[in-house]
Amino acid sequence: MTENAPSINGDIHRDIRHDSAHKHVAGSADYIDDIPEKRDLLHVCLGQSSRAHARIKSLDLDDVRAAPGVVMVLTADDIPGKNDVSPFAGDDPLFAEDIVQFHGQSIFAVAATSRDQARRAAKLAKIDYEDYPAILTIDDAMTAKSYIEAPQCMKQGDSAAALKKAPIRRTGCFRVGGQDHFYLEGQIAMAEPKEDGDVHVWSSTQNPTEVQHLVAKVLNIPDNGVTVEVRRMGGGFGGKETHPSLFAAAAALVARKTGRTAKCRVDRDDDMIMTGKRHDFRIDYDVGFDSEGRLLGLDLKLASRCGYSVDLSPAINDRAMFHSDNCYFLEHVTINSYRCRTNTVSNTAFRGFGGPQGMIAIERIMDVIAHDLSKDPLDVRMINLYGKTDRNITPYGMMVEDNIAPELIAELAKTADYKNRRREITAFNQVNVYLKKAIALTPVKFGISFTALHLNQAGALIHIYSDGSVHLNHGGTEMGQGLFIKVAQVVANELQIDIDRIKISATTTDKVPNSSPTAASSGSDLNGMAALAAARTLKNRLTEFAAHHYDCAIDHIVFRNNHVYLDDQEISFNQLVHQAYLGRVSLSSTGFYKTPKIHYDRKIHKGRPFFYFSYGAAIAEVIIDLLTGENKILRVDILHDVGKSLNPAIDRGQIEGGFIQGAGWLTTEELVFDDKGILRSHAPSTYKIPTSADRPAQMTINLWNGVNKEDTIHKSKAVGEPPLMLAIAAHSALTLAVANANNAKDLPALNAPATAEEILSKLI
Amino acid sequence: MAQKNITLLLGGRPHEVINFDPTRTLLDYLRYDAARTGTKEGCGEGDCGACTVVIGTLKEGKLHFEAVNSCIIFLPTLDGKLLLTVEDLVQPDGSLHIIQRAIADLQASQCGFCTPGFVMSIFAHIRSGGGADLASINDALAGNLCRCTGYGPIIEAVRHSISAQVEDHLTALEETWIKQLAAMSSPDTLSLSWACPDTGNERHYSAPKTTAALTALYAAHPEATLLAGGTDVGLWVTKQLRSLDRLIYLGHITELARITKSKTHIEIGAGVTFADALPILSTHFPDLGEVIRRLGSAQIRNRATIGGNIANGSPIGDSMPVLIALNTELTLQSASGLRHIPLEDYFISYGKQDRAAGEFVAAIRIPILKADQYFRAYKISKRFDQDISSVCGAISVTLNDGIISSARIAYGGVAATPLRAIATENTLIGAKWNETTIQSAMSALENDISPISDMRATADYRLKVARNILLKAYIEYDTPLSQTRLTGDGAQTRLMGNGAAE
């Protein structure tokens, strides 16, 4: 009987569209700026530093105060609590006090009756500066030994000895640029004053708990006086993990001081100038290898531009080190990581969180080895892969237990016809003088878990109302990645009810407290498990009640397809719920989850920081124009591992979107700072993310047929960040295309982004 | 006598806007006054497309639908227009439009913030008979940035929407709209005034319908800002926060929107948009067509005018170097009559043009290519679509028995103004058309241009590419079958072999 029942709508492992898709397309999905404005709402604009590093000699805000529509102007002196909006280091002031540390730093806030008035007024400040020397670049900072923390070292084996013994040794250096998040919805917060000095904050944030905590600190009230709510973001990508607090705190402070609702919607240019980006890196390597291409020893130096403050840079640079092996066994390796403090905006989380920069380092090294030996780079990659039972310890001492890279890469190379196409490209290059092609395959192995142990926890809250409809809440936030639908699928599956019976609700700190940021690709892993726990508790309560009420053995009770089956009886889920309500059963439950197995000792950089790894591989075929450096990604083939997918349609979207975003980072997205530390590419007119035509005309994405070895939510794997790194294949292919044109001894040290200019500069 | 109101068909219904700031953007009006929050602001400068709406214009009794960026459009320019936003596509019973359904079902929205803009761009594409091939779709979507999906599912959704060929609920309303718009049109100059409470200034907006009215108005108010497509002037307000207290809008002057063709010339009115000029220009000058195809986006080309591109005098306007190489003549007009000058003479120095008080750009005349004339143009930018060039260059040579009898070479992005490379031209004239000559022209180029380094490119790169463009032009003449281009007509298909691209 129960076996034949049709399954529920919205079950796990199904292609289910985004829960808000029908609202996105109709313009009825509400973002914070779409919430109707209160009549007395004030608009907040931040006044910025026009210097990269200077002492404020005088700050004259009289003209700002006198400007039309201005209701209040606030500086550091007006902060009742702590002047800090940093995630932990205490070094990101809401308003700079004495010293400004980057061009664009917030100095004051102006609140006016219209946004236009606030923006105009903010320009009227008269600020006298005494300029200080500014450290702007990685090289400047390395010379000055200007760091945000002590350089870190991760080691395995004896790289110095291995390098000395190695038959062939090569050194090199290249640079990888930063990246602006360019979420389509800019930073925004709205704060409404409540009684007792409390405040309700709508913030476009991946991290409501942190916004809550920092707003409370600034206002000098306990956390329980601040509620932070976010239904959805118009994109996050890491850019809304720490930076939203600046704007939320400014809005909250105005709300508190004026007693009026205050909104801070940041202009795109200001957003790009004032908020941190992906770290740019300088990568230096010294690699030893044998004539087969086997890597024998490696000294790697990773130096990144962190900006003026700590933000999340320690963990980001740690993750760069963690991913400097990618899929390859590095028996003898030393990784030195320098976290440079510069007078630029504080760089922050961005999809991949340092991983991409570490990974592109070792992929470059693979290409260097192959070029040196005139081998197919794929062959060199294959012989350096981690083993299954030996050669499987990472530089941080973790055993790779789930290695599927060898078979995944082999399958992709076969289905995408890598070897034949490589030959065809050689033929193309022989007859074409002005255009050259290349093809490259690069793999991805990405560690899943927050490296800060305490963040690997999550909570959920589920209510079942007496009509059988369900309200679902958890600490994860929705930024487009499809977290909410996946968690709802988990709950639908557990309770065996159609997904449209489940109300997906806004993330709110007063429902689920102490949430971790939705980051590190962990959203579904953590919140799916927490929601499962909550749903299971409720299901158990209903089962116990049903057993008693219907006098049926507990193990004879089955929930399936909106019904509950008890021996020979069948009742609807809704009926049972109503009966349970009348029977005075609690129909609300929290759920909690913490990731098992993980531990890490940062002092020695050893441990098991990751619960498991996500894998993938991509083949990119590219073409370059030798006269202009213009370039194009022609075709991409991807095979990616998402374990047993909770929702393959959503996962494919993450893979394609991640790849294109990564391709943008490595090709056209160029952050240009001038010699005064002013960001010159601070708008879409000057900062070029991919458009539709930049997507390769041919793009094939397949999911690896496998399950997660570890006990994750229904055996799925995380998918948010790993696909971004698939785009390294495009950069590798562009490097090889330049090499094909040059036909020289050395592999060109192509930097990223590989703009037309960068490519032309590397052509001989 | 100045009015206080305009009338449009908002969502198809007559709608009056009364006593407003003429520089209020359409987007702000929609979101904060008209409770239409489906349209989003992503950048406020017409580069991301999140604010895309569709304007319907009555032209010769027919409705023309165009996608535009509402964030940089001033509200009064909507007078007498039909305006559709994402909310209007939802059918009266609340069900989704075919385009909306396709996007939702094909996973073409993730965060959803860019989605309404895409919906409207796709709607305009389909309503104007746009193609379902990849190149056409990419051109239609180039002005809409999506940071989540990677575009694949959106492209699929366009294809699906086109192939479904479903008549929507709006089609049936078009007859009525045409009648209503016809009834709303008036031959008189629209004059608005608004007292700005913050500055105490009176702010004026006039939209003359004839050049005669424009000439008189501009003579009386030579300090006025002339507004055509507003794709630059809009940013003066949204980004530079300038107060524009007197605007004269040219968008209703049909005389300025004419394209005429004789045996020897194509004449284009200053008010012709790039979208309207594109077909005839691509037919006669394929490379100019390709430059225009990549100029801005559909939304920008639907508004931006050739006259505006010239009048504003920017050193990086894409069409100028190409038009200069084609020996285009500029017509300026004022109360004292018409004045014709070679286009290159209009640009005097950075920010300074040969335009007298009260004088406006009226038209351009482009000579049609002669049989012995060889013409090429190239736009080099960081991103292929919707980007400003680092270098835009064009060359036109006349060849007699292998000898170059005349040459015109012009560049944008390499000096303070668009300019002719006279010294380079001189190395060509009288010489044999061969690689040696081209090499000497490439060497001579540094006498003509002095590029700067900025966020788009370095001076070195600009010089190098400006030179290589000459070489490329020669190669394409000398070995016409060699593959030299990554974009434009046929490049994709050729590069990927049979059927691979699509």
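User: Where is A:His103 placed, and why is A:His103 called buried?

Analyst: A:His103 sits in the loop between β4 (99–100) and β5 (106–112) of chain A, where strands (E, at least two residues) and helices (H or I, at least four) are DSSP runs, numbered from the N terminus. Its relative accessible area is 15%, and buried means under 20%, exposed over 50% and partly exposed in between, with a 1.4 Å probe and protein chains only; A:His103 is therefore buried. Leaving aside neighbours within four places in sequence, A:His103 is in contact (heavy atoms within 4.5 Å) with residues including A:Ser49, A:Arg51, A:Ile273 and A:Gly677.

User: What kind of model is this, and how are residues and chains labelled?

Analyst: This is a predicted model, in which local features need pLDDT of at least 70 and side-chain atom pairs count only at pLDDT 80 or more, while totals for chains, interfaces and linings use all residues. Residues are numbered from 1 along each chain as its sequence is written, chains are lettered from A and ligands numbered from 1 in the order in which they are written, and side-chain values use heavy atoms, with hydrogens and water left out.

User: Why does A:Gln156 count as buried, and what does its side chain reach?

Analyst: A:Gln156 belongs to strand β7 (residues 152–156) of chain A, and its relative accessibility is 12%, so A:Gln156 counts as buried. The side chain of A:Gln156 reaches the backbone oxygen of A:Leu330 at 2.8 Å, which can be set against the rule for a polar contact: a pair of N or O atoms within 3.5 Å, where within protein one must be able to donate a hydrogen and the other to accept it, and residues adjacent in sequence count only if both atoms are side-chain atoms. A:Glu331 is 175 residues away from A:Gln156 along the chain, with 6.4 Å between their C-alpha atoms. Among the residues in contact with A:Gln156, apart from neighbours within four places in sequence, are A:Phe329, A:His332, A:Ile393 and A:Lys606.

User: What makes B:Asp139 and B:Arg293 a salt bridge, and which domains of chain B are there?

Analyst: Chain B is divided into domain 1 (98–168) and domain 2 (258–494), with bounds that come from an automatic or database domain assignment. The closest N and O atoms of B:Asp139 and B:Arg293 are 2.7 Å apart, and a salt bridge is a side-chain nitrogen of Lys or Arg within 4 Å of a carboxyl oxygen of Asp or Glu, so B:Asp139 and B:Arg293 form a salt bridge. On the side of domain 1 that touches domain 2, helix α5 (residues 134–141) of chain B gives the largest share, three residues.

User: How much area is buried between these two domains of chain B?

Analyst: The area buried between domain 1 and domain 2 of chain B is about 550 Å², of which carbon and sulfur atoms give 40%; buried area is the accessible area (1.4 Å probe) that two parts lose on being put together, summed over both. B:Asp139, B:Ala142 and B:Gly143 supply 70% of the area that domain 1 buries against domain 2, more than any other three residues. The C-alpha centres of the two domains lie 32 Å apart, and eight residues of domain 1 are in contact with eight of domain 2.

User: What makes up the interface of chain A and chain B?

Analyst: The contact takes 88 residues from chain A and 82 residues from chain B, and the two chains bury about 7000 Å² between them, 57% of it on carbon and sulfur atoms. In chain A, the residues that lose the most area to chain B are A:Val25, A:Leu184 and A:Leu627, together 10% of what that side buries.

User: How do you know that A:Lys688 and B:Asp387 form a salt bridge?

Analyst: Their closest N and O atoms are 3.4 Å apart, and the cut-off for a salt bridge is 4 Å, so A:Lys688 and B:Asp387 form one. Across the interface of chain A and chain B the rule finds 11 salt bridges, and there are 39 residue pairs in polar contact, both at pLDDT 80 or more.
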